[in-house]
Amino acid sequence: MKYIEKLHYITHDIPNLSHVEQAQFACEAGAKWIQYRCLSKTDETLLADINAIAETCDDWGTTLIVTDHVHLNGKADIQGFHIEDMDADFTAIRNKVGNDITLGGSANTIENLIRLAKQGADYVGFGPFATTETKANNFPLLGIDGYYEAMQELKAANIQLPVLAVGGIKIYDVEALMQSGIYGIAVSGAINFADDFIAAYQDFYTMIKESAVN
């Protein structure tokens, strides 16, 4: 089983702080997992960002995951991809990128979680937990109960899958979410828009570590 960090930090298109700067701050805060999420640039610009972030990640021993853009595999030092399309054929994507690449997916239903597990996803971002301005979507909010139900069903089906809560998560949500039995949490806005980026990251990391039940 591949190494999956319990706190996934996700970069985002925001004013006054580039993706490269976000990644630098995250690494300085101690991040061991950065998901570069940029759907607004050309391949040339994406690769410029990715190469700069990869260099920073190498310096800090941080795993770099890229959202979508699987066609860039092999063109930069990318450890994995996160596929946001909930209907994507993970078997086909896995065959394309090979077994060494970490492959994560997104899900909103228990059925999606089970399908991704069977198709070889290394982890799944399950959400949205709550309303989020970071990523526009119309999927139903899961709330705390949604995670408890999902983890119970996965356990009953004897499915081992690192599930990360994602979507509008605040620091005060972490303890209850982790108590549901999920593996970890993915965060963007609550760190990016905090008064102190590094302190916010470290608060999330500490809370996840202290609240984990597995």
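Is Tyr9 buried or exposed, and what is its relative accessible area?

Modeller: The model is a predicted one. In it, Tyr9 has a relative accessible area of 0%. Buried means under 20%, so Tyr9 is buried.

The next point is the aromatic partner of this residue. The model has 6 aromatic pairs. In one of them, the ring centres of Tyr9 and Phe197 are 5.5 Å apart and the ring planes stand at 70°. Planes over 60 degrees apart count as edge-to-face, so the pair of Tyr9 and Phe197 is edge-to-face. Tyr9 belongs to strand β1 (residues 7-10), whereas Phe197 belongs to helix α8 (residues 197-211). The pair therefore ties together parts that lie 188 residues apart in sequence. Phe197 has a relative accessibility of 9%, so this residue also counts as buried.

A further edge-to-face pair is formed by Phe126 and Tyr147, with 5.4 Å from centre to centre and 80° between the planes. Phe126 lies in strand β6 (residues 123-126) and Tyr147 in helix α5, so that this pair links distant parts of the chain, 21 residues apart. Both Phe126 and Tyr147 are buried.

From strand β1 the chain can be followed into the loop between β1 and α1, where Asn16 is found. Asn16 is not a glycine, yet its phi is positive, at about 70°. With a relative accessible area of 81%, Asn16 is exposed, whereas Tyr9 is buried.

Helix α1 (residues 19-29) packs with helix α2 (residues 43-60) at an angle of about 10°, and their axes are 9 Å apart. Angles under 35 degrees count as roughly parallel, which makes α1 roughly parallel to α2. On the α1 side, the contact involves His19, Val20, Ala23, Gln24, Cys27 and Glu28. These meet Asp49, Ala52, Ile53, Thr56, Cys57 and Trp60 of α2. By class, the residues of this contact comprise 7 nonpolar, 3 polar and 2 charged.

The axes of α4 (residues 110-118) and α5 (residues 143-156) come within 10 Å and cross at roughly 40°. The two helices are therefore oblique to each other, and α4 passes α5 in a right-handed crossing. Ile110, Leu113 and Ile114 of α4 make this contact with Glu149, Ala150, Glu153 and Leu154 of α5. The contact of α4 with α5 has 5 nonpolar and 2 charged residues, and no polar ones.

In the loop between β6 and α5 lies Pro128, and the peptide bond from Gly127 to Pro128 is cis, with omega near 5°. The loop between α5 and β7 (163-166) holds Asn158. Asn158 is a residue other than glycine with a positive phi, near 55°. Its relative accessible area is 61%, so Asn158 is exposed.

Key. Residues are numbered from 1 along each chain as its sequence is written. This is a predicted model: local features need pLDDT of at least 70, side-chain atom pairs count only at pLDDT 80 or more; totals for chains, interfaces and linings use all residues. Side-chain values use heavy atoms; hydrogens and water are left out. Axes are lines fitted to C-alpha atoms, for helices over the stretch in contact, and angles run from 0 to 180 degrees between N-to-C directions. Helices (H or I, at least four residues) and strands (E, at least two) are DSSP runs, numbered from the N terminus. Angles under 35 degrees count as roughly parallel, over 145 as roughly antiparallel, 65 to 115 as roughly perpendicular and the rest as oblique. A crossing is left-handed if the near helix is turned anticlockwise from the far one by less than a right angle, and right-handed if clockwise. Contact means heavy atoms within 4.5 Å. Ala, Val, Leu, Ile, Met, Phe, Trp, Tyr, Cys and Pro count as nonpolar, Asp, Glu, Lys and Arg as charged, and the others, Gly among them, as polar. Rings of Phe, Tyr and Trp (its six-membered ring) pair if their centres lie within 6.5 Å; planes under 30 degrees apart count as stacked, over 60 as edge-to-face and the rest as tilted. Buried means under 20% relative accessible area, exposed over 50%, partly exposed in between (1.4 Å probe, protein chains only).
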